[in-house]
Structure formats: structure tokens, C-alpha cells
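Hi everyone, thanks for making time. I'd like to walk you through one model today, starting with its pockets and ending with its rings.

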Amino acid sequence: MRPFRPNSFRLAAFILTLVVLFGHSYLPQRMLQIHPNTNNIIETYTDSPAGGKSVIEWLDKSNFRWKCTITQSDTYPVCGLSIIFSQKPYKSVDFSRYSSVFYRIEYEGSASKLRFFLRNYNAAYATRVELEPAKFQSVAVRTTDFDSSLKLDIAEFSVADWWKDEFDIPRELSRPESNAIVAFGIDQASPIAYGEHTYQLKSVELIGEWISRETLYLAIIVSWTILLGWETKTRLVYWYQYVKRSSINLDEARAESEKYKELMNTDSLTGVLNRNGLIQMLSQLNNSPKNLSDYSVLVADIDFFKQVNDLHGHVIGDAVLTQFTTLLSDNIRADDVVVRWGGEEFVLLLQTSVVEEAKSAAEVIRRKIAQHEFMGNGPLHITVSIGVSFPAPHEDFEAAFIRADKALYTAKIKGRNQVILHQ
């Protein structure tokens, strides 16, 4: 697995974030034309149903040009135009997906303000499928603030107090809404200017961003969260695998080290301990409840082994050594120790300090060796001389070995193939 490199991912993500942030401003705007539209229903209204004297008339209906003549009376003067998206059941348009309403409108008259309104339908407060209970939201604009076009933000529209009072709207339902607009329109705002007023509504468009800045920022935050989460997970997986591989390598190294230690402590030909292995074993013995005085030390040497090598060759000599070691190991207990001291000389540590037991064990070994037919070019017979010593309390191995070696030397002088105990 390649090492994890988070910097390149972060740099790419950072550059992409900058591109998205700065590029967002250059994206084409999202637009929806809601007027003129052949499916729309155009309604005009005045104060005449309530006893007023105002009049509205079309000057050019095909081009949506009309005239309001507002006359003073005992009724609050009203004259305007409402555009409904459909007949009952009313079709609605989601204005909340846009940020602004763009009007191309021309006005002639003495009014200081015009009122632009939206009607939002919600079954929570519009219990009847009528326009009257639809939420009335408006914004008053000074006629001096626009010429032939006007852009109003959706956020500018506020809910009329008279509508809340008339329909007894609770506070939680009195906020502006634009997700289900069923109608929009234009009339004159207070203070009312009497006289003739000419309007022409050329077009109305909804304008907004394909992705709002709020949505964009949220997407960036979520993307960075995912990226950092993925990076964290990838880091954890990488380091877990790294630690796992390191642990495996460490275990392999330890196993290899133990293998080499074993090789260092083991005689390569016979497979028993060598001198270094015996030193390690004695070191462990010093740190255990047992001590050297619980053992007897045997030094065994094959008689006339040089003749075996000279007559039969070293390959046969090595085979004899291997078979000899097997006989030693087979005729001692599991807790006893066999060491190849060098050449044809071996050391045995028998776990007994009883003289007769040690002598008896040594005699068994001597007899087994003398009776055994060693395989070479033909049957071979060899003998072994053994010297035995018994370590005194607090005596080190070297002193006990020297005494056993002297006993071995005595056995050689006396004719070999015998066991001598050092007195």
C-alpha cells in the first residue's frame, strides 16, 4: 500500500472550492416568465362594489395597458389589476425558489407610490378555496424609484395587517410565505392620488440563482466534512495496516532472531546444545530455584574417534557423531541436558546429585554405546569413556567440569570404555 498523501487531496479540494465560490457569481441566472402567459387569468377590480366611484378600463388589452380613474367617495378608493395562474382549484408557483421578481412596467399619473402584491395559498389558514383568504403580501414602491423596469426581492414583501386582522391569523401563520403563490397584482398604495393613472405591464419574471449561496455554502461544508472524514478514515486504515505490517515484520524479525539464537546455541551437526547454549542454560539456572549442585556433570569422549575419521572419512565420522548423540539423548531423562563440547567430546548434566544414580546412568550409556552397531560403510563398533563429578554448593560449572575432565583422563589412562567418578 502506498503511503497516504493528504496534501494533494486538500490542495485539489481547496482549488475546487475557490473555483466554485468565485465561479458561482458568473453562473447564468435562473429565470421563469410568469407574464405574459396565455394560461393566466386577468382580473380588474375597483371600489365600485363597495359603493365607490373609481373606474378601470382597458386601453390595449392585448398589450396589458389599462387606465384607472380614481374618484373620491365615501369608500376607500381602490383600482388595480390581479393576475391569477388558473381557475379553481388554483394552480400555484413556488416563488421561494427564486430571489427576485422583475417587472417591466410603465406608469403615467400622479401617484407617489404603487403597491405590488402576492397572494400565497395555504390550507392552514385558507379554509375556503377562494382568493380572499390567500395570504396578502405586498411592498410599496415610490414611482420615482423606477422608470420602465423594477426588481423586487421576494424578501421585501410583507404580510398586510388588515389581512391578519380580517381572518384572525395566529402569530405562527402570519409570517411571509412564497412557496405557493396563486396570484399577483398591482394597484396604488397610500396615500391615494385621485385622477387618471395609466399602466402597462409588459412582463413579469422570476429571477434567482440555480444554487443559492446558502445551499452552496452548505454543500461546501458537507463536502469538506466528507473529505476530511474520508481522509481521517484513510489515515486510520493506512496506519492500522502499517502497524499491522510492522507488527508482522516485528514478529518475523523476532522469530528470525530466535531462530538465529537457536542456531547460535545449537550444534549444527547433532542438533544438541553447543558450548554457547550451555552457557545460556547455566545463566537461566542461576535465576531459578535450582542450582548446579542439584546436577551431576558427565564428560564423555568417544574412544579412538580419530581412527574412524582416518579409516572411513569425515562423512562417516559425522554420521557416527549424529548416531552417538541420539543414543545419549535416548538414554537420559527429559530434564537432563546433552551438550556437544567439541569434536567427539560431550557434556551431560544429569539432574541428580546422588552418586549411585549418576554412576548407574553413566554405565547405562557406556554399555549402550559399546553394544550399538553404528552404520557407516559397514557396521562399526565404538566405545566411550566417561568422567563424572558432583558440583559442590556454590561451585561454578568450570570447576566441576575440570574435575569431571580429570576423571575422564583417568578413564582413558586406565584403558578407556569405562566410567570414573572424581573423588
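Let me begin with a definition: Ala, Val, Leu, Ile, Met, Phe, Trp, Tyr, Cys and Pro count as nonpolar, Asp, Glu, Lys and Arg as charged, and the others, Gly among them, as polar. This is a predicted model, where local features need pLDDT of at least 70 and side-chain atom pairs count only at pLDDT 80 or more, while totals for chains, interfaces and linings use all residues. Residues are numbered from 1 along each chain as its sequence is written, and side-chain values use heavy atoms, with hydrogens and water left out.

Pockets, then. On a 1 Å grid over the protein atoms alone, a pocket is an open set of points with protein on both sides within 12 Å along at least five of seven lines, whereas a cavity is a set where a 1.4 Å probe fits but cannot get out; lining residues have an atom within 4 Å of a point. Grid points are joined across faces, edges and corners, and a volume is the space filled by probe spheres set on them.

The largest pocket holds about 670 Å³ of space. Its lining counts 26 residues, and Y45, R115, R119, F136 and W162 lie nearest the centre. By class, that lining has 15 nonpolar, 4 polar and 7 charged residues. Which element gives the most to it? That is β7, with 4 residues. Helices (H or I, at least four residues) and strands (E, at least two) are DSSP runs here, numbered from the N terminus.

The second largest pocket has about 170 Å³. Helix α4 (residues 275-286) supplies the largest share of its lining, 3 residues. Here the classes come out as 6 nonpolar, 4 polar and 2 charged.

Searching the whole structure turns up 1 cavity of 30 Å³ or more, and the largest cavity has a volume of about 40 Å³. Around it sit R65, E106, Y107, E108, T198, Y199 and Q200. The elements giving two or more residues to this lining are β6 (100-108) and β12 (195-208).

Rings of Phe, Tyr and Trp (its six-membered ring) pair if their centres lie within 6.5 Å; planes under 30 degrees apart count as stacked, over 60 as edge-to-face and the rest as tilted. The structure has 19 aromatic pairs. Take W58 and W66: their ring centres are 6.1 Å apart and their planes stand at 70 degrees, so this pair is edge-to-face. Buried means under 20% relative accessible area, exposed over 50% and partly exposed in between (1.4 Å probe, protein chains only). W58 is partly exposed at 27%, and W66 is buried at 0%.

Two arginines also meet rings. A charge sits over a ring if NZ of Lys or CZ of Arg is within 6 Å of the ring centre and within 35 degrees of the ring normal. R30 has its charged end over Y98, 5.3 Å from the ring centre, and R416 lies over the face of F304 at 4.3 Å.

Last, the disulfide, meaning a pair of cysteine sulfur atoms within 2.5 Å. There is 1 in the whole structure, joining C68 to C79 with an S to S distance of 1.9 Å. C68 lies in strand β4 (residues 65-70) and C79 in strand β5, so the link ties together parts 11 residues apart in sequence. Both cysteines, C68 and C79, are buried.
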